[in-house]
Amino acid sequence: MSSQKKAEERTASQSLVLYVHDLVYMLSAIMLVFLIFFRGIVVTQNSMYDTLWDGDYLLLVSEAFCGEPKPGDIVVISKQGFENGKPIVKRVIATEGQQVDIDFDEGLVYVDGKPLEEPYLKQLTTNDEGTVFPLTVAEGCIFVLGDNREESMDSRTFGAVAKSQIRGKVLFSFSLPGRK
């Protein structure tokens, strides 16, 4: 009888050790997946209002796994020479080989001669920031704009962005309750 009781005690303590052991491995695996495949970032700018707000949390698919950027994707980039490489959030408007033109009088953005439908905008694109249009996006680059065009420093200011400067594509965003 005492050997059976000893075996039960050992089993309970072994179960606890095994539980903790498995928990550590699971947490390590989750952390590793997030370090390799995903990134988290907090929005600290107003260039994407009303789509994203200052303080919103973004989950990104890391640059190595996000695939080719497509028009409409929201990406995080770090452009050297702009805000010391600080990550900025922008919307992809055009990709390599596409021609971008902006009619600042009408406030419309054209890609390959067709006006973009941009339901996410509150105001039209009327700020000319110095880039000469029409512009053909160079190979290996993307053209990005913020959704809040009156407040955004984007490809109108610093030109096209190399794909190598993409840090990730936004998978989803969320806000803490009561923020909006």
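This is a predicted model: local features need pLDDT of at least 70, side-chain atom pairs count only at pLDDT 80 or more; totals for chains, interfaces and linings use all residues.
Residues are numbered from 1 along each chain as its sequence is written, and side-chain values use heavy atoms, with hydrogens and water left out.

So, strands. Helices (H or I, at least four residues) and strands (E, at least two) are DSSP runs, numbered from the N terminus. Two strands pair if DSSP finds at least two bridges between them. β9 and β10 are joined by 2 bridges and run antiparallel. In general, strands of a sheet pair through backbone hydrogen bonds, either parallel or antiparallel.

How many strands form the open sheet? There are 7, in the order β1-β2-β11-β3-β4-β9-β10, with antiparallel pairing. β1 and β10 (161-162) are at the edges with a single partner strand each, so one side of each has no neighbour in the sheet.

Now have a look at β4. Antiparallel to it runs β3 (residues 74-77), joined to β4 by 4 bridges, and V76 stands opposite V89 of β4. Another 4 bridges join β4 to β9 (residues 141-145), also antiparallel, and there R91 stands opposite L145. Is β4 buried or exposed? For strand β4 (residues 88-95), 8 of the 8 residues are buried (under 20% relative accessible area; exposed is over 50%, partly exposed in between, with a 1.4 Å probe and protein chains only), so the strand is largely enclosed by the rest of the structure.

R91 does something else too: its charged end sits over the ring of Y120, 3.7 Å from the centre. For that label, NZ of Lys or CZ of Arg must be within 6 Å of the ring centre and within 35 degrees of the ring normal.

Last stop, S47, in the loop between β1 (38-42) and β2 (57-62). Why does S47 count as buried? Because its relative accessibility is 2%. Leaving aside neighbours within four places in sequence, S47 is in contact (heavy atoms within 4.5 Å) with several residues, including V89, K90 and D147.
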